[in-house]
Amino acid sequence: PRFHLSPSRDGSRPGSRGDGSRARAASRPGTLYPPGGMRTPSPSSSGSPAAALGDGWSAPSTGVRGGLRLAGFALVLYVFATAATDAVFIADAPDYARDAAAAESTGHVRGLMEFGHPLWRPLGYAFAREAGTVGAVPPRPAPWLQVLSFLTGVALAAGGIAAAAAAGWLRSRFEAGAAAFGVLWLLGAKAFLNYSQVGSPYVPGLGFLLAGLFVSMLEPEATGARTARDLSAGLLFGLSALCWTPFGLVLPGAVIAPLLLRADRKGWLSRVLVTGLAGVGSLAVAYVVVGLRLGFAESESLWTWASRASGGRSFGGLGRLLIGLPRSFVDLGELGRLAKRYLLADPLCPTRLRDLLGLDLLKLLAVAAGPLAALAAVSRTAAGQRFALAAAAMAAPLLAFALLWQGGDLERYLPATPALLLLMAAGFQEARGRRGPRGVMLASLAVMLAANAAVLSRPAVRRRQEAALTRLPASPGGPGSRSVFVVPH
């Protein structure tokens with residue numbers, strides 16, 4: 001970095017007889033400051049990602065104003081993205097809504113407490129009870145559709161929280177351009193865009209996780225405020241797992257991330273312990289309350305309850321992971337179906353290897369090239385390697401789980417999204433000055449955005465829905481209008 005002697009208000013240099021406050025604060029001859037006054041040196045173009053990593057550099061000076069600007073930028077982009085797109089996969093959202101509405105009408109609530117989504121059905125039930133006491137303007141919609149609309153609204157709001165929290169978290173560790181690049185990988189991902197507009201618990205869980213990561217990096221001065229920060233981060237982490245249990249797999253990595261991202265870990269171990277205990281405590285309290293409510297007296301009953309969340313499905317394998325992981329970020333068209341037919345040697349739909357070669361495979365390779373380029377960029381420095389280690393700590397348990405169970409599901413890899421954002425932001429910053437790696441990462445992002453826009457845009461979704469409606473048999477005649485609820489599953 002270039003430095004110069006910082007003049008005082010009256011133009012004198014440090015060490016002169018000037019009366020400027022800056023000269024008095026640094027009156028020793030030869031004191032150097034960067035242009036603009038006294039600041040902590042920032043890394044050169046070949047340096048490591050600046051993130052208070054203990055390598056002699058401090059985190060970029062963002063300030064409240066810079067962080068708010070990026071969070072506002074992320075929210076504006078999120079509003080635009082959700083206004084221009086629509087969901088193509090509604091998953092189990094109607095089931096959650098129907099269960100909540102049925103429990104409100106019958107009074108049987110035991111079925112709401114499900115191990116995989118402990119918080120979601122009870123949330124819908126609470127809304128159904130409240131909505132049932134409020135008179136509606138006729139014609140009143142079906143109760144379960146009201147619940148579905150409420151849960152969809154919660155997911156939509158949680159997506160905005162996730163975008164803003166991701167922007168604040170990344171901006172605290174990276175330059176504005178690198179942080180914005182990471183946020184774009186969140187806002188353009190297929191699974192995030194889809195489930196932000198569906199009444200499922202996946203994006204709310206992601207919102208709590210990213211909010212916890214954002215809170216954990218705050219640096220209040222008061223001791224009591226620091227304790228409140230650690231407890232709040234742990235509570236947010238626990239809430240993410242209560243929305244969807246697989247988020248619990250990434251929580252150990254999220255909790256210890258501050259330790260992994262710093263060379264100087266002094267004073268951080270106690271913070272991590274408080275955060276971890278708060279997260280474990282919130283989960284323990286929630287599950288104990290559920291256990292008492294359901295009357296679990298033996299561990300076998302608890303195990304039966306937990307295993308019921310799988311729905312009897314146990315599909316796994318490397319092939320599902322290799323297709324499902326990139327599919328969470330970019331639409332792959334028919335590639336997943338064709339690959340399954342080829343790998344299983346489907347006798348009813350014979351598929352050859354050359355049938356897999358096409359545009360969808362090119363999209364997969366193009367999107368996969370971005371994270372690979374980022375990984376190569378961060379592996380060049382010690383600080384970058386710590387970013388890669390923190391990302392691996394969050395993602396590895398989830399990837400192992402996906403290898404064993406339902407690795408092809410669209411939502412399976414949403415809990416690992418913070419790991420990807422961290423890797424992409426760090427890789428983009430580490431590749432500063434190198435056109436090749438940055439070009440690959442930018443091209444990968446552009447392919448993802450273009451491919452998803454072509455499938456998730458509202459006109460494209462409307463065309464597919466109209467095509468589905470034309471295949472319905474003609475409705476019998478009769479008085480009154482009829483409605484069709486299209487479930488894109």
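Rings of Phe, Tyr and Trp (for Trp, the six-membered ring) count as a pair if their centres lie within 6.5 Å; planes under 30 degrees apart are called stacked, over 60 edge-to-face, and the rest tilted. By that rule, this structure holds 11 aromatic pairs.

A word on the source. This is a predicted model, where local features need pLDDT of at least 70 and side-chain atom pairs count only at pLDDT 80 or more, while totals for chains, interfaces and linings use all residues. Residues are numbered from 1 along each chain as its sequence is written, and side-chain values use heavy atoms, with hydrogens and water left out.

Take F115 and Y287. Their ring centres are 5.7 Å apart and their planes at 35 degrees, so the pair is tilted. F115 lies in the loop between helix 3 (93–106) and helix 4 (120–132), and Y287 in helix 11 (residues 268–294), so the pair ties together parts 172 residues apart in sequence. Helices here are DSSP runs of H or I, at least four residues, numbered from the N terminus. Buried means under 20% relative accessible area, exposed over 50%, and partly exposed in between, with a 1.4 Å probe and protein chains only. F115, at 25%, is partly exposed, and Y287 is partly exposed at 23%.

Next, F174 and F387, also a tilted pair: 4.9 Å centre to centre, 35 degrees between the planes. F174 is in the loop between helix 5 (143–171) and helix 6 (176–187), F387 in helix 16 (residues 382–404), 213 residues apart. F174 is buried at 0%, and F387 is buried at 1%.

Finally, ring pairs link F89, Y195, Y202, W244 and F247 into a cluster.

Conventions: Helix = DSSP H or I, 4+ residues; strand = E, 2+ residues; numbered from the N terminus.
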